[in-house]
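Biologist: Hi! Could you walk me through this structure?

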Amino acid sequence: MRDPNDGWADGPAGRFWGRGGAAGLLAHDPNRGVLLQHRVAWSHQGGTWGLPGGARHVGESAIDGALREAGEEAGVVRDGLSLRATFTFDVGYWSYTTVHVEVTKPFEAEITDPESEELRWVPPAEIADMPLHSGFGDAWPGLRQRLESPPLLVIDAANVVGSRPNGWWRDRVGAAERLIANLQGIEADGTPGAWFGLDERWHLWPEVLVVIEGQATAAKATESNRLSVVRADQDGDSAIVDEVMKRPDADVVVVTADRVLRERVTQYGARPIGPSAVLDYLDRD
């Protein structure tokens, strides 16, 4: 049975497939490139290359829709994919969301429905020279920049914890542990693109690095592939600058209100933002 959203959405900006919007999956394997779909001739903009994707089902999120469509069209399995970003093109009555995932467990793509002429892993440097679907072609320069500059969020834990008068000084270890636990929510929910200087079309899932110092280094923390803790041997500011310098290719945001530290990390290309932006976001529920 067809889903009720399988149909055309018409409006001033044109005609688009998917009454409830559509989504596609940008799967990037660091060793092979981006998984592209060569669209069959009878499909919309047939003969071009784009991302596996299609109309979202009723009540389906863009992320779930992109993963489902990529599974149906290219045999993409959800296991071994790490969410990195979403980019949404929205004309008001229709939207298309590109869901960027990093492949952490390589798989072999396979044509599993009649919409694909070919599936191919393509190095990012070669994609712009291919005959691309117009929507993907327009979005590709920004998407490629995200591939080449992975987001990194560095937390000045002492400064963030100390930004609110909630009694943190009576239990610095406990305050650090609570902050780290709360930051784990970013792994699931991501962050606004605005933190990284992007517009409202972007939402990112950055790597999170929490730097703790002094008494707080005794804090216990549950780390993951996306959240890790650095226990500074001496001062936390120097440890933060060192971490920024280690990642020249990353798009780094440092969360601190310390004026001197903000100036130091800016010299190495990092973007500073204040603790309130992060704390308000974590407390939004």
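Modeller: Happy to; we can go from the overall picture to pockets, a helix and some charged pairs.

Biologist: What should I know before I start?

Modeller: This is a predicted model, where local features need pLDDT of at least 70, side-chain atom pairs count only at pLDDT 80 or more, and totals for chains, interfaces and linings use all residues. Residues are numbered from 1 along each chain as its sequence is written, and side-chain values use heavy atoms, with hydrogens and water left out.

Biologist: Great. How many helices and strands are there?

Modeller: The protein has nine helices and 16 strands. Both are DSSP runs numbered from the N terminus: helices are H or I with at least four residues, strands are E with at least two. The C-alpha trace spans about 65 × 35 × 35 Å along its principal axes.

Biologist: And how much of the protein is buried?

Modeller: Of its 285 residues, 49% count as buried. Buried is under 20% relative accessible area, exposed is over 50%, and partly exposed is in between (1.4 Å probe, protein chains only).

Biologist: New topic: how much space is in the largest pocket?

Modeller: About 1100 Å³. Of the 38 residues lining that pocket, Trp17, Ala22, Arg39, Tyr96 and His133 are the closest to its centre. On a 1 Å grid over the protein atoms alone, a pocket is an open set of points where a 1.4 Å probe fits, with protein on both sides within 12 Å along at least five of seven lines; lining residues have an atom within 4 Å of a point. Points are joined across faces, edges and corners, and the volume is the space filled by probe spheres set on them.

Biologist: Which element gives the most to that lining?

Modeller: Helix H3, with five residues. H3 covers 134-148, and the other elements that supply at least two residues each include strand E4 (33-39) and helix H1 (62-74).

Biologist: What kinds of residues line the largest pocket?

Modeller: The lining divides into 13 nonpolar, 12 polar and 13 charged residues. Here Ala, Val, Leu, Ile, Met, Phe, Trp, Tyr, Cys and Pro count as nonpolar, Asp, Glu, Lys and Arg as charged, and the others, Gly among them, as polar.

Biologist: What about the second largest pocket?

Modeller: The second largest pocket has a volume of about 370 Å³. Its lining has 21 residues, and Ser82, Leu83, Arg84, Glu102 and Arg226 lie nearest its centre. E7 supplies the largest share of this lining, five residues.

Biologist: Let's switch to helix H7. What do its buried residues pack against?

Modeller: They pack against strands E10, E13, E14 and E15 and helix H8. Contact means heavy atoms within 4.5 Å. Among the buried residues of H7 are Gly236, Ala239 and Val244.

Biologist: Is serine 228 buried or exposed?

Modeller: Serine 228 is buried, at 18% relative accessible area. It sits in strand E14. Leaving out residues up to four places away in sequence, serine 228 touches Val208, Leu209, Val210 and Glu223.

Biologist: Last one: how many salt bridges does the structure hold?

Modeller: There are 18. A salt bridge is a side-chain nitrogen of Lys or Arg within 4 Å of a carboxyl oxygen of Asp or Glu. In one of them, arginine 78 meets aspartate 64 (3.5 Å, N to O).

Biologist: Where do those two lie?

Modeller: Arginine 78 is in the loop between H1 and E7 and aspartate 64 is in helix H1, so the pair ties together parts 14 residues apart in sequence. Arginine 78 is partly exposed, at 46%, and aspartate 64 is partly exposed too, at 34%.
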